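Subject: Handover of a structure, with notes on its helix packing

Dear colleague,

I am passing on the structure below, together with a written account of what was found in it. Please read the notes with the structure open beside them.

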Amino acid sequence: MKNRVTLRQLGAVLTGGFLGTMTRYLLSLAIQQALGKGWPFDILLINITGALLIALISTLAETTMLIGPTRRLFLVTGFLGAYTTFSSLALGTLNLFNGGATLPAFLYLLTSLLGGLLAIVLGVRLGQGGVSWLKKRRCMLPK
């Protein structure tokens, strides 16, 4: 049987993508206004928070009934897929290198990668903790 994409699924990804893009843009402006444009704090913070949320939501979706397939498409593929992008990480790093800031470029890249990995670990642990809490209360879990 072939997997068929429904209009509901496409709508979830489209709507989530639009909202993720707008959130990223507005948050990026706010972070740049608060912290300046000399170092890509905006990309770093957005990518780390996105990694945390992707891990948390994916963990909850895989182990509970709280986040169904369409909501997961909306949140993970649409919203967070548009909210976080590797290309922005690469661009921020290249901009620092091109500006002659070799050490800050390496620090930014290292901080982004390690921060993203740590955020994923934290998101999974938070998701697993939420699942344990729900199991103790026998709430909305598959049998």
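**Helix packing**

Helices α2 and α3 are roughly antiparallel to each other, where the word stands for angles over 145 degrees, while under 35 degrees counts as roughly parallel, 65 to 115 as roughly perpendicular and the rest as oblique. Their packing angle is about 170°, and their axes are 10 Å apart; axes here are lines fitted to C-alpha atoms, for helices over the stretch in contact, and angles run from 0 to 180 degrees between N-to-C directions. The crossing of α2 and α3 is left-handed, a term used if the near helix is turned anticlockwise from the far one by less than a right angle, with right-handed used if the turn is clockwise. On the α2 side the residues that meet α3 are I46, T49, G50, L53, I54, I57, S58, A61 and E62, and on the α3 side they are R72, L75, V76, L80 and Y83; contact means heavy atoms within 4.5 Å. Sorted by class, this contact of α2 with α3 holds 9 nonpolar, 3 polar and 2 charged residues, with Ala, Val, Leu, Ile, Met, Phe, Trp, Tyr, Cys and Pro taken as nonpolar, Asp, Glu, Lys and Arg as charged, and the others, Gly among them, as polar.

Before going further, please note that this is a predicted model, in which local features need pLDDT of at least 70 and side-chain atom pairs count only at pLDDT 80 or more, whereas totals for chains, interfaces and linings use all residues. Residues are numbered from 1 along each chain as its sequence is written, and side-chain values use heavy atoms, with hydrogens and water left out.

Helix α1 (residues 7-35) also packs against helix α2 (residues 41-63): their axes come within 8 Å and cross at roughly 130°, which makes α1 oblique to α2. The crossing of α1 and α2 is right-handed. From α1 the contact draws on R24, L27, S28, I31, Q32 and L35, and from α2 on F41, D42, I43, L45, I46 and N47; together these residues divide into 7 nonpolar, 3 polar and 2 charged.

**The protein overall**

The protein has 5 helices and 0 strands, the helices being DSSP runs of H or I with at least four residues and the strands runs of E with at least two, numbered from the N terminus. The order of elements from the N terminus is α-α-α-α-α. Taken along the principal axes, the box filled by the C-alpha atoms is roughly 55 × 35 × 30 Å. Of the contacts with a separation of 6 or more, 70% are between residues 24 or more positions apart. The protein exposes about 9,400 Å², of which carbon and sulfur atoms supply 69%; accessible areas come from the Shrake-Rupley method with a 1.4 Å probe, and for residues only the protein chains shown count as cover.

**Burial and individual residues**

Buried residues make up 33% of the 143 residues, where buried means under 20% relative accessible area, exposed over 50%, and partly exposed in between (1.4 Å probe, protein chains only). In helix α3 (residues 69-83) the buried residues are V76, G78, F79, L80, A82 and Y83, and their cover includes α1 and α2. One of them, A82, has 18% relative accessibility and so counts as buried; leaving aside neighbours within four places in sequence, A82 is in contact with G17, G20, T21, R24 and T77.

In helix α5 (residues 102-137) lies S112, which counts as buried because its relative accessibility is 11%. With neighbours within four places in sequence left aside, S112 is in contact with L44 and L89.

L29, found in helix α1, counts as partly exposed at 39% relative accessibility. The C-alpha atoms of L29 and A119 are separated by 22 Å, and the two residues are 90 residues apart along the chain.
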